[in-house]
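Me: I have a structure open and want to talk it through. Can we take it piece by piece?

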Amino acid sequence: GCGISPENLEKIFEPFFSSKRHGTGLGLAVSFGIIQKHEGKIKVTSEAGKGSRFMVQLPILPVSTAIALNR
């Protein structure tokens, strides 16, 4: 893509937010929810006119499972 403007960057994970004319605004919101459900993190860096980078971190084991295994 062409990057995300600073004013839109804080809204990109909100359901139904889209800067595209025919966008639904659900893709990143759904992705964010799935990542959170798996106790992961998603970070984005973007520069308007240049592009964006999304970094997803997921634990090898969910934190709750790892805690249960160490008891």
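This is a predicted model: local features need pLDDT of at least 70, side-chain atom pairs count only at pLDDT 80 or more; totals for chains, interfaces and linings use all residues.

Me: Which residue does Glu47 form a salt bridge with?
Reply: Lys50. The closest N and O atoms are 3.9 Å apart. That falls within the 4 Å cut-off.

Me: And Lys50, buried or exposed?
Reply: Exposed, because its relative accessibility is 65% and the cut-off for exposed is over 50%.

Me: How many salt bridges does the count come to?
Reply: The count comes to 1 salt bridge.

Me: New topic. How many helices and strands are there in the protein chain?
Reply: There are 3 helices and 2 strands. Starting at the N terminus, the order is α-α-β-β-α.

Me: Where is confidence lowest, and where is it highest?
Reply: Helix H3, residues 63-69, is lowest, with a mean pLDDT of 69. Strand E2, residues 51-57, is highest, at 96. For the protein chain, the mean is 89, and 94% of the residues reach 70 or more.

Me: What's the place of Leu58?
Reply: Leu58 is in the loop between E2 and H3. Leu58 is exposed, as its relative accessible area is 52%.

Me: What does Leu58 touch?
Reply: Leaving aside residues up to four places away in sequence, Leu58 touches Ile35, His38 and Gly40.

Me: How far is Leu58 from Gln36?
Reply: In sequence, 22 residues. In space, their C-alpha atoms are 9.1 Å apart.

Me: Which residues form the nonpolar patch on the surface?
Reply: Phe16, Leu26, Val30 and Ile34. Together they have about 400 Å² of accessible area.

Me: Take Leu26. Where is it found?
Reply: Leu26 sits in the loop between helix H1 (6-9) and helix H2 (27-37). Leu26 is partly exposed, at 33% relative accessible area.

Me: And where does Phe16 lie?
Reply: Phe16 also lies in the loop between H1 and H2. Phe16 is exposed, because its relative accessible area is 64% and over 50% counts as exposed. Phe16 has a positive phi of about 70 degrees, although it is not a glycine.

Me: What about the phi of Glu39?
Reply: Glu39 has a positive phi near 60 degrees, and it is a residue other than glycine. Glu39 is in the loop between H2 and strand E1 (41-47). Its relative accessible area is 34%, so Glu39 is partly exposed.

Me: Now Asn8. Does it count as buried or exposed?
Reply: Buried, because Asn8 has 18% relative accessibility and buried means under 20%. Asn8 lies in helix H1. Leaving aside residues up to four places away in sequence, Asn8 touches Phe17 and Ser19.

Me: How much of the protein chain counts as buried?
Reply: Of its 71 residues, 14% count as buried.

Me: What about the overall dimensions? What box do the C-alpha atoms fill?
Reply: Roughly 50 × 25 × 15 Å, taken along the principal axes. The radius of gyration is 15 Å, whereas a compact globule of 71 residues would have one near 11 Å.

Me: Last one. What does the accessible surface come to?
Reply: About 5,700 Å² for the protein chain. Carbon and sulfur atoms hold 57% of that surface.

Methods: Residues are numbered from 1 along each chain as its sequence is written. Side-chain values use heavy atoms; hydrogens and water are left out. pLDDT is the predictor's confidence in each residue, from 0 to 100. Helices (H or I, at least four residues) and strands (E, at least two) are DSSP runs, numbered from the N terminus. Buried means under 20% relative accessible area, exposed over 50%, partly exposed in between (1.4 Å probe, protein chains only). Contact means heavy atoms within 4.5 Å. A salt bridge is a side-chain nitrogen of Lys or Arg within 4 Å of a carboxyl oxygen of Asp or Glu. Patches are made of residues with over 30% relative accessible area and no salt bridge: like charges are joined within 9 Å, nonpolar side chains (Val, Leu, Ile, Met, Phe, Trp, Tyr) within 5 Å. Accessible areas come from the Shrake-Rupley method with a 1.4 Å probe; for residues, only the protein chains shown count as cover. The radius of gyration is taken over C-alpha atoms; the globule rule is 2.2 Å times the number of residues to the power 0.38.
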